[in-house]
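Dear colleague,

Here is the structure I said I would pass on. My notes on what was found follow below it.

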Amino acid sequence: MNIAVLMRPVPDPVEELEISPDGADLDRDYLGYVVNEFDEHALEEGLLIKEQVGGTITVLAPGSADEIDDILYTALAKGADRAVKLGTDVGPLSAHALARLFTDALSDIDFDLVLTGVQAADELDGQVSVLVASMLRLPHISVVTATEPIAAGVRVTKEFWAGITADYEVTLPAVLGVQAARQAPRYVAISRIRQAQQGEGLVEADAVPPERGSVRITAVRLPEAEDGAEMLGGDAEAAAERIIEILRAAGVVQGG
Amino acid sequence: MANEIFVVTEHLAGEVTESSLELLAMGRSLAATTGAPVVAALIGAPPAAAATLGGADLVLVVGDPHLSEFNPEAHAAVVVALVNEREPAIVLVPYTSIGMDLASAISVGCELPLVSYCRRVTAAGGLAATCQLHAGKVEADVAVQGDRAVFAVLSGSASADDGRVGGAHAVEEIASPVDLSGGKITFIEFHEPVGGDVDITAADVLVVVGRGIDSGENIELADELAAALGGAVAASRPIIDQGWLPKSRQVGKSGLTVKPKAYLAFGVSGAPEHVEGMRDSSTIVAVNSDPQAPIFGVAHYGWVGDLFDILPELTDRLEG
């Protein structure tokens, strides 16, 4: 099975965010980027399918920043066959623009299945997975937590809520938005990534910066937690003492 | 009806979800601004289910054997056809597992702008929304160019009760507007949640770990505190996706809803999907190194600092 995996960088979810001076975006000068965690799961699911039935994996990622090289070389080191860097230098893209970029690039690739993360934390105007599928008029399933290659295509597990899931069979070609792979994304040693950097697996493709969308951010804020928690000051010892008092008041710690 | 407010409702096995009713409530308040009727699409559910959709002026019940269980391909084709036919001004879709398969398909199939992660949608002086991005860490005001759009709305953005009430509404049973035979996706079967080793919904105290716990080995620290408190360990989604704890320990939209007497969160950022599953806990204490973590917005008590300092400190004091 030939698989295309679509990956994109997102602001590091563990970093503190700051607002840009114009108040309409994050301050991106100091922002660290990491690969969208759901895309990592999409790649893992692709690698598992390749291990089961063979085939190739082509990874695509947009942008010109160094993070993109890291993402793509890591994917090659994990077992992807080819990585395509969609060189475009237009700053953060809307989900629609990103989807257009991916669909253009996919027209040059031989694929049976497209895997990508179910969502990204900054996708203001839709989900890339479903947008790509709809633009290519391919069937799609979102919130995928497992796949199983079968004769007719792929059997897919979709998660609903409260632990309820359903199985579907989908004929190929198709697009899947992956929530979580069957197993946690594999670790790869830094030496293997260096090896990938020496190889010829990464190619650059020209990409036309897509037009701006019709959804515009007018202001961004960091929500105030002022209606929320009473903040406990002090060091860990002082805070621990207060927390135990709070637990006592809640009736879950006895004595005093 | 060109200015109509079109609400895509969802159901699982014929049972309409709370998210659907919340959207009807949101539709009603938009209708109060624009004067437009609220039309709910109920796809593949038994017509009797329309009775719960009190907030709608009209319920369109779409019947077809291919629609009785959710099918991303068939349901998207029907919604796209209905929106193209009726040309509503506002389309509200729940930002849920079902809605995710529909919202972006409507945007492409009907050539409409789409705004995701919505908390609030307004129509006075142009279409606009307030959205939660970056897992709830950022709130954005968004303006839509043009007078029609699709909004994917986060759960908990309006009161489900307000969507349930309402006067007598019209119910119209219609056949699928598109031929659904020869589809590429076939529904096979549902799976109910698998029971776990521990029932986190029954615990009085939950020690809950998030991304900040850093590695699977560190969960032992939470185990020790939970043992000292006579409670259980639960987690947010990233921990489950990493395989560090079983699915039965997951709190949040795709996991379980819990209401313990005390909920102690360590390194949990507080994404909307997580908060949905724990906001009704009696006492919530959150520890996070990021003072902006949204979990502090829902917690009763918070401490900004290193969870690796305070977790063992708590265990020692309780055991001592």
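**Strand pairing, packing and the contact between the chains**

A:Glu159 has A:Thr165, in E9(A), as its bridge partner. Please bear in mind throughout that this is a predicted model. The two strands concerned are E8 (residues 153-159) and E9 (residues 165-171) of chain A, which pair in the antiparallel sense over seven bridges.

Both strands belong to an open sheet of ten strands with mixed pairing. Its order is E11(A)-E5(A)-E4(A)-E1(A)-E6(A)-E10(A)-E7(A)-E8(A)-E9(A)-E12(B). The edges are strand E11 (202-206) of chain A and strand E12 (185-191) of chain B, each of which pairs on one side only. From one strand to the next, the twist averages 30°. Chain B also contributes a helix to the packing: H3 (residues 97-109) of chain B packs on the sheet and touches E8 and strand E7 (140-150) of chain A. The direction of this helix makes about 100° with that of E7(A).

E13(A) and strand E17 (residues 301-304) of chain B run in the parallel sense, with two bridges between them. There, A:Met231 has B:Gly302 as its bridge partner in E17(B).

As for the contact as a whole, 72 residues of chain A and 79 residues of chain B take part. On the side of chain A that touches chain B, the elements that each supply at least two residues are helix H1 (37-53), H4, E7, E8, E9, strand E12 (215-221), strand E13 (230-231) and helix H6 (236-249). H6(A) gives the largest share of that side, eight residues. Sorted by class, the side of chain A that touches chain B holds 44 nonpolar, 15 polar and 13 charged residues.

Because ten of the twelve residues are buried, H3(A) is largely enclosed by the rest of the structure. The buried residues are A:Ala95, A:His96, A:Ala97, A:Leu98, A:Ala99, A:Arg100, A:Leu101, A:Phe102, A:Ala105 and A:Leu106. What covers them includes strands E1 (2-6), E4 (56-62), E5 (82-87) and E6 (113-117), helix H4 (128-136) and E11, from chain A.

Some overall values for each chain follow.

Chain A has six helices and 13 strands. Its C-alpha trace spans about 65 × 45 × 40 Å along the principal axes. Of its 256 residues, 49% count as buried. In chain A, 73% of the contacts between residues at least 6 apart in sequence join residues at least 24 apart.

Chain B comes to nine helices and 17 strands. Its radius of gyration is 22 Å, close to the 20 Å given by the globule rule for 320 residues, so chain B is as compact as a globular protein of that length. Taken along the principal axes, the C-alpha atoms of chain B fill a box of roughly 70 × 45 × 35 Å. The buried share of the 320 residues of chain B is 59%. Among contacts in chain B with a separation of 6 or more, 65% are between residues 24 or more positions apart.

Regards

Note on methods
Residues are numbered from 1 along each chain as its sequence is written. Chains are lettered from A and ligands numbered from 1 in the order in which they are written. This is a predicted model: local features need pLDDT of at least 70, side-chain atom pairs count only at pLDDT 80 or more; totals for chains, interfaces and linings use all residues. Two strands pair if DSSP finds at least two bridges between them. Helices (H or I, at least four residues) and strands (E, at least two) are DSSP runs, numbered from the N terminus. Axes are lines fitted to C-alpha atoms, for helices over the stretch in contact, and angles run from 0 to 180 degrees between N-to-C directions. Two residues are in contact if their C-beta atoms, placed from the backbone, lie within 7 Å. A residue is buried if 20 or more other C-beta atoms lie within 10 Å of its own, exposed if 12 or fewer, and partly exposed in between; C-beta atoms are placed from the backbone. Ala, Val, Leu, Ile, Met, Phe, Trp, Tyr, Cys and Pro count as nonpolar, Asp, Glu, Lys and Arg as charged, and the others, Gly among them, as polar. The radius of gyration is taken over C-alpha atoms; the globule rule is 2.2 Å times the number of residues to the power 0.38.
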